[in-house]
Structure formats: C-alpha cells, structure tokens
Amino acid sequence: MTEPSTPDGLAAVLWDMDGTLVDSEKLWDVALYEAVESLGGSLTEEQRLSLVGSNMDDTAAFLLEVCARPVTPESIAEMGEWIRRRTANLFDGPLPWRPGAQELLELLRANGVPMALVTSTERSLTELALNTIGREYFAATVCGDEVDGLNKPHARPYQLATELLGVPASRCVAIEDSPPGAASAAAAGCTVVVIPNDVDVEPGERRVFRSSLVGLDVPALTALLP
C-alpha cells in the first residue's frame, strides 16, 4: 500500500495513457484504418473518433459491423488479434509525448505524489508503451483486460486503481482526454482534469478542463479537490 502524499491533500494522480500521456491515438489510427481496409471496408473520421477510449473487444465488434461482417465471439477475437499485432508493431518504438506530460510526471514523482496508470489498452500493449513512458513512475497499473469487462466508462478501472494505491478516490485527481475515461474517473469519485485531444468531452460533475498539462503542479492539482 502506498502512503498518501499529505494527510488531507492530494493522495494520488491517476493517468490515462493513450491521448493523455502520449499521443498514441495517432498510431491506433493506423491500425484501425488498416484493419477495416483488410476487410474491404472504410472508416469515416466520425466512426474512428467514436472509438477513442474504447476497449479492444468493443472496437473489434464495431469495425466488423462497419464492414457488414458477422459479429461473433470468434470474429471479434480474430479481429482483435489482428489489431493487437499491428499496434504492437507500431508501439515498439518511441511514442510522442503530449505537451507537459513528461514534465508533470517528473514533478509529481519528485514531490512524492503516488501515481497509477489507468488505461483501456491491454496489458501486452501497455507494457510496450511503458518502454517509452517509464514504469518507475507508477505504483500501480490497471489495463483494459484486467477489469473483468467493466471497462471505461464504468467506474471499475479507477476504483481498482485507488484500491491498489490504498487511497480514497475523493482525494485523487485523474487526468483524461476522452468521454469514456472522464465518465469512468468521475463515477469512481475522482476529480477529473480533462485535456481534450481528438474528441470533445462534455462538461460534467467533478470535471475541470484545461487546454494542456503545461504549467500544472502539485498546488494547482490539490486546489482542484473538493
């Protein structure tokens, strides 16, 4: 169990990965568009954006539907594996950081603030991404295939992260870029800093919007807590 950084202040920061820490959504674009083309279909920009924050099974099922292919457990698994292999190839190298993300990670670690990574991406691909991001920053990592199907926007991913850290969600700040992610963190009881990237996120309870992570520090994040 990780001790909170202060008795009644900021207990932990919980990070989304794709589109928040690193600009890896652009790499997912490549894999998803190629997957649809392999089935002889096409994917509109609106359809692609609707998948931001989605987990692998839901993504695979959606692409099969777009291509008018049968959606069965077998076809979902086959499509998911195709996307997984292609994305692994794309992730196997340096990933582009989102503005201010690396600096904020360093600052939080220097100030002893516990952190967790909470992503809809599966463990195998997350491990590749962590080669760029750095495993040393996170006391816990929750991946999309580790929540018994209760993926974002369900509260479970962020609930699990707070349980692993041993901290109350009410004293955690989550950093997100997508509607499912923001909804998940808010449902778990976290304060959510939304840094929109590819898609707009609607205002809502416990959501604070910023254009980027640049300039954020521990006092600024602490001030956001209720």
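Domain bounds here come from an automatic or database domain assignment. For this protein chain, that assignment gives domain 1 (12-23 + 97-223) and domain 2 (25-92). The model is predicted: local features need pLDDT of at least 70, side-chain atom pairs count only at pLDDT 80 or more, and totals for chains, interfaces and linings use all residues. Residues are numbered from 1 along each chain as its sequence is written, and side-chain values use heavy atoms, with hydrogens and water left out.

Now the domain contact. The centres of domain 1 and domain 2, taken over C-alpha atoms, lie 24 Å apart. Domain 1 gives 19 residues to the contact and domain 2 gives 14 (contact means heavy atoms within 4.5 Å). Together the domains bury about 1500 Å², 57% of it on carbon and sulfur atoms. Buried area is the accessible area (1.4 Å probe) that two parts lose on being put together, summed over both. On the domain 1 side, Glu-122, Leu-125 and Asp-198 lose the most area to domain 2, together 35% of what that side buries.

Charged pairs come next. Between domain 1 and domain 2 there are 3 salt bridges (a side-chain nitrogen of Lys or Arg within 4 Å of a carboxyl oxygen of Asp or Glu). Asp-23 and Lys-26 form a salt bridge through their side chains, at 3.3 Å, N to O.
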